[in-house]
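Okay, thanks for making time for this one.

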Amino acid sequence: MPVIPTKSKVARQLKGVHLYHYALSNCSQRCRLALEIKGIPWHSHHLNLAAKEHLTPDYIEINPNAVVPTLVHNGRVVIESNDIVDYIDQGFPGSRFWPDDVRDRGAVNALLEASSDVQDSIKTLSHEYMFHGRGQQTSLAESAQMKAAGANSGLVSFLRDFVDDGRAWELRVIKAHEDVTRRLVQLNERINQTKAWLTGSRYGIADISWSVNYYRLMQCRVDMSRAPDFAALGLKLIEGPAFSKAVIEYRT
Ligand SMILES: N[C@@H](CCC(=O)N[C@@H](CS)C(=O)NCC(=O)O)C(=O)O
């Protein structure tokens, strides 16, 4: 459910389009890309996840899951990045993100679900290959503080395993690789059906959603040899000024 009721006075008073986001978060990148493609002006609320700026009571009141991104549009709070992209598509003029063909729409729904479900694995790989030594490390004392601040228990145990860097973390990384490979093979099959984009015969919401995942997996140097057609499409997905501005060259 994309639009959530909110008690946050701060959110309710915001006019226009506001995005709570983090430069390096692939879920945030997806939303910035959608805003950029539609040419929508927006206000930035950058939350540095490394500094735990998403764990303040004020932000948790806006997004009870204590994650980014959150879109606030004229006081209406929208969470879940794929739902935010959909909201942007429904609510603003410009190129349409959804395909017309009913079968494509069904396939796109499944691709968006997969893009959402793969997030935990992408997060694990990002921590393993990109965030070591980037100030993302969290001490055990900090984990306890986070728990007290309302962070969910999954987040706390994830960080505990990451900091410990022992067998539990190793297993998370192995599982993440397996999960990602399985999904890449499915994406490859989809490309073989459409012979064009993930969304169908034209670029759309599934491409927006997976382009940032592709970029992140590329940065993590994940092996895509079992999905050669998707790997080739990925290069096309990250070309162009919108992707550069919203993702590759995005500066706060
Ligand atoms: N399903 C959510 C996932 C959001 C999510 O996990 N966001 C990450 C950044 S990509 C986050 O805020 N993590 C906070 C943390 O790990 O402490 C979405 O698509 O918006």
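Some housekeeping. This is a predicted model, where local features need pLDDT of at least 70 and side-chain atom pairs count only at pLDDT 80 or more, while totals for chains, interfaces and linings use all residues. Numbering starts from 1 along each chain as its sequence is written, and side-chain values use heavy atoms, with hydrogens and water left out.

Helices (H or I, at least four residues) and strands (E, at least two) are DSSP runs, numbered from the N terminus, and two strands pair if DSSP finds at least two bridges between them. Here 5 strands make an open sheet with mixed pairing, in the order S1-S5-S4-S2-S3. S1 and strand S3 (43–46) are the edges with a single partner strand each, so one side of each has no neighbour in the sheet. Helix H4 (residues 81–91) packs on this sheet and touches S1, S4 and S5, its direction at about 130 degrees to that of S5. For the angle, axes are lines fitted to C-alpha atoms, for helices over the stretch in contact, and angles run from 0 to 180 degrees between N-to-C directions. Contact, by the way, means heavy atoms within 4.5 Å.

Let's zoom in on S5 (residues 76–79). It runs antiparallel to S1 (residues 3–4), with 2 bridges, and isoleucine 4 has valine 77 as its bridge partner there. S5 is also antiparallel to S4 (residues 70–73), joined by 4 bridges, and histidine 73 sits opposite arginine 76. The S4–S5 hairpin has 2 residues between the strands, and asparagine 74 takes a positive phi near 45 degrees.

On to the cores. A nonpolar core is a set of buried Ala, Val, Leu, Ile, Met, Phe, Trp, Tyr and Cys residues joined through side-chain atoms within 4.5 Å. Buried means under 20% relative accessible area, exposed over 50%, partly exposed in between (1.4 Å probe, protein chains only). The largest core has 58 residues, and Ile88, Leu125 and Phe230 are among those with the most contacts inside it. Helix H10 (residues 205–219) gives the most to it, 8 residues. Where does this core lie relative to domain 1 and domain 2? Between them, because both give residues to it. Apart from it there's another core, of 13 residues, including Ile4 and Tyr20.

Last, two buried polar residues. Serine 115 lies in helix H5 (residues 102–117) and counts as buried because its relative accessibility is 0%. What does its side chain reach? There's a polar contact with the side chain of serine 209 at 2.7 Å, and one with the side chain of arginine 30 at 3.3 Å. That term means a pair of N or O atoms within 3.5 Å; within protein, one must be able to donate a hydrogen and the other to accept it, and residues adjacent in sequence count only if both atoms are side-chain atoms.

Then threonine 199, in the loop between helix H9 (167–194) and H10. Threonine 199 counts as buried at 1% relative accessibility, and its side chain has a 2.5 Å polar contact with that of aspartate 207.

How values were computed:
Domains from an automatic or database assignment.
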